[in-house]
Amino acid sequence: MIVLGYFVVGLGGLVLFWLTNKLSALNCNISAAKSSGLPYRISIIDGVPGYLWLATHDIFLGTLHKFTPSRSWLWPKIAHVHRSWHYAQEMREALGEVYLIVSPGQIFMSCSNAEANVQLTTRRRDFVKPVELYAIVDVFGPSILTTEGEEWRRHRKIVAPAFSEKSNSLVWKESLRQGLEMIEAWSRLDGNTSGKMTVEDTAPYTATMALHVISAAGFGVRHLWAGEDEENLGSNSVPGFNTSKLIGSHTLTFKESLKTLLHSIIWLAIFPTSLLQKSPFKLHKKLLRAFFECHEYFSELSELKMKQIEQGETTEGGTMDVMGPLVKASQRSPEDSKGSYLTKQEVISDSWIILFAGHETSANIAHLSLLFLAIELEKQAHLQRDIDSILGSRPVDEWSYEIDLGRLYNGMVGAVMNETLRLMPPIIDIPKIVRGAPQPLTFDGKTVSVPTSTMIHISAVGVQRNPRYWPSSPSKLSNKTHDLDDWVPEHWFSSAKKGAETTTTSDSGSEDGENTTSFDTSDGLLVPPKGVFLPFAEGARACPGRRFAQVEIIAVLAVIFKTYSLELDVREWASDAQIEKMNKDQRREIYQKGMTKARKLIAASQSEIFLQMRGNYPVRFVKRGEEKFMSCYVE
Ligand code: HEM
């Protein structure tokens, strides 16, 4: 009894000590927030929450959501893990464009003000990258994405110029080819022909397409689609990498190991490999196998590149791609290169990051653009007219990087891509942190002071849907006074804000030697002012793969819509035979059901690392002229 009494008193003491500590930390953070001059809200959950809340928030907030009055409360939204995606507009309207969330463990700042965003992205030493948040992707060691300061500069000086004009023209060629091969892969699916193809989910196909493009244009290794003959690879075959035949100690192909690693990467962030090795779970064993094999594949690829370089192969031979300059840098030593070198391990970590950062991002934009175009048939018809006027009847191998790409970008294809990037940026928040003294931030004629250690999210969704910065009209889909929560590519043809900024969107702040001139983006489409359109971030840490991604997405959309139209599969509501007998009004009514369902699915997307749709909506590709619903929307 006495022992139990001591235990209870001891436990009570510990809880009291913990509570006092938390309260004193909260008080400290509240004083800092008060003196910052920014609006703030207090929350027990950190603005950027830890793993425990990530894992459990659904139980608490999901239950609370069932209690209808709670839906108008602000605090559950503040505590929501996916706040930046679901409530960016509401939070901005309630708390302003720049606001703080103060908790015992953190001061968090969200920003959707353009003037402040420019300072946050260009004052690189005042607002640095919180590299600790990137531990999840750091599986092969520090890389360009996950380092700061001088170490990052060294990576960036080598990696960014590797995305050269020559690599981009390889991306163009390879994306056209992959676009055609993706269509062929669809036509080989059960029940499909080359004239009529039902695809349950285009997402895994655009992911494969993006992986193939990076692999070929970035690493010089061509990949095949399921069902393609390995003979087609000719001298480009690299066992295990792009063939089913494995060599050495490999038990998985490169694609298999990469897929496993990407799907279960979270485990590597939570547990060290030494602990996972002792885990009894099959999943962990498979993940470790994939991890080691991926590492092995990347080092084999570096050696292959090294050999190719020694044999004097050039870009024209298709191998001096993005990875070439990285491997070359690993031949230099710190002493004789004025710091322009990479270690062999860094070649592997940077190669992995290029693949990781450039794969699902571009794939998601291609996938979502397809779905939006299937929902909005009138806009799809506009896109096709534009493609026809630019490319005429020329075959794909005559489409030119130098002329056609720029024209496609400055027309409806570019507008479709940009609108998808505006509405659904794959990276919804760009994180920064104040490491040293509090930092002044000036916007709207006032200067505030961002407290030390503040975790910052530049809210891409917040600013990219902020009516203050974008031309808009009343929404046709909701009762909102603006249509910035809707997918309207015509936003990019508005002349209202043209000329507000004469430079291109995100070239400024690039490091020396970076290639930024592959095609002119200032002639044709709306050029948003700086700090307003941030899918690729801005400033020194902007995405070096921006052109790569733009070229890829444009090429793939052009290839598909030159020959095909895309419609939602609405057989859930009516069979093909029933649709055949329907008049235009009846067809429109059925299609509307598909549109509503597809829009809901898109809106329910979630951002774990990248913003992604959960679930799928089936679509049907048909040769142009053979559509079932297009004529209901287009005269
Ligand atoms: C639609 C496609 C893409 C989007 C929306 C996108 C977006 C971004 C953003 C927002 C950042 C900054 C992240 C941060 O500060 O935390 C970034 C960085 C980066 N991206 Fe991309 N990206 C895309 C495609 C690509 C591609 C195709 C590649 C390479 C092939 C690539 C390679 C990188 C790298 C290496 C970084 C790190 C740069 C640094 O920290 O200096 N990205 N990207």
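Which residue takes a positive phi in the hairpin of S6 and S7? The residue is aspartate 444, with a phi near 50 degrees, in a hairpin that has 2 residues between the strands. We will come back to that turn below.

First, some ground rules. The structure above is a predicted model, in which local features need pLDDT of at least 70 and side-chain atom pairs count only at pLDDT 80 or more, while totals for chains, interfaces and linings use all residues. Residues are numbered from 1 along each chain as its sequence is written. Helices (H or I, at least four residues) and strands (E, at least two) are DSSP runs, numbered from the N terminus. Two strands pair if DSSP finds at least two bridges between them.

## The hairpin

Strand S6 (residues 439-443) and strand S7 (residues 446-450) are antiparallel partners, joined over 5 bridges. Glutamine 439 faces valine 450 in S7, and phenylalanine 443 stands opposite lysine 446. Aspartate 444 sits in the loop between S6 and S7. Aspartate 444 counts as exposed because 11 other C-beta atoms lie within 10 Å. Here a residue is buried if 20 or more other C-beta atoms lie within 10 Å of its own, exposed if 12 or fewer, and partly exposed in between, with C-beta atoms placed from the backbone. As background, most residues other than glycine have a negative phi.

S5 pairs with strand S8 (residues 455-459) in the antiparallel sense over 5 bridges, and aspartate 429 has serine 459 as its bridge partner in S8.

Two residues are in contact if their C-beta atoms, placed from the backbone, lie within 7 Å.

Another open sheet has 3 strands in the order S4-S12-S9, with antiparallel pairing. Strand S4 (196-199) and strand S9 (564-568) stand at its edges, each with a single partner strand, so one side of each lacks a neighbour in the sheet. S9 and strand S12 (residues 619-623) pair in the antiparallel sense over 5 bridges. Within that pair, leucine 566 stands opposite phenylalanine 621.

## The nonpolar core

A nonpolar core is a set of buried Ala, Val, Leu, Ile, Met, Phe, Trp, Tyr and Cys residues joined through C-beta atoms within 7 Å. The largest one has 157 residues, and those with the most contacts inside it are Leu100, Leu326, Val413, Ile554, Leu557 and Ala558. Helix H14 (residues 344-375) gives the most to this core, with 18 residues. Not counting residues up to four places away in sequence, leucine 326 touches several residues, including Ile158, Val159 and Leu342.

## Around the ligand

The ligand is surrounded by 25 residues, of which the closest are Gly358, Thr361, Cys543, Gly545 and Ala549. A residue is near a molecule if its C-beta atom, placed from the backbone, lies within 6 Å of it. Helix H7 (149-162), helix H9 (203-219), H14 and H19 each supply at least two residues of this shell, and H14 gives the most, with 7 residues.

Cys543 is also listed by UniProt, in an unreviewed entry, under "binding site"; such annotations may be inferred rather than shown by experiment, and positions follow the numbering used here, with shortened feature names. Cysteine 543 lies in the loop between helix H18 (460-464) and helix H19 (546-563). Leaving aside residues up to four places away in sequence, cysteine 543 touches Phe536 and Ala537. Alanine 537 belongs to the loop between H18 and H19 and has a positive phi of about 60 degrees although it is not a glycine. Serine 495 lies in the loop between H18 and H19, and its C-alpha atom is separated by 9.4 Å from that of valine 527, 32 residues apart along the chain.

| Residue | C-beta neighbours within 10 Å | Class |
|---|---|---|
| Cysteine 543 | 20 C-beta neighbours | buried |
| Alanine 537 | 19 C-beta neighbours | partly exposed |
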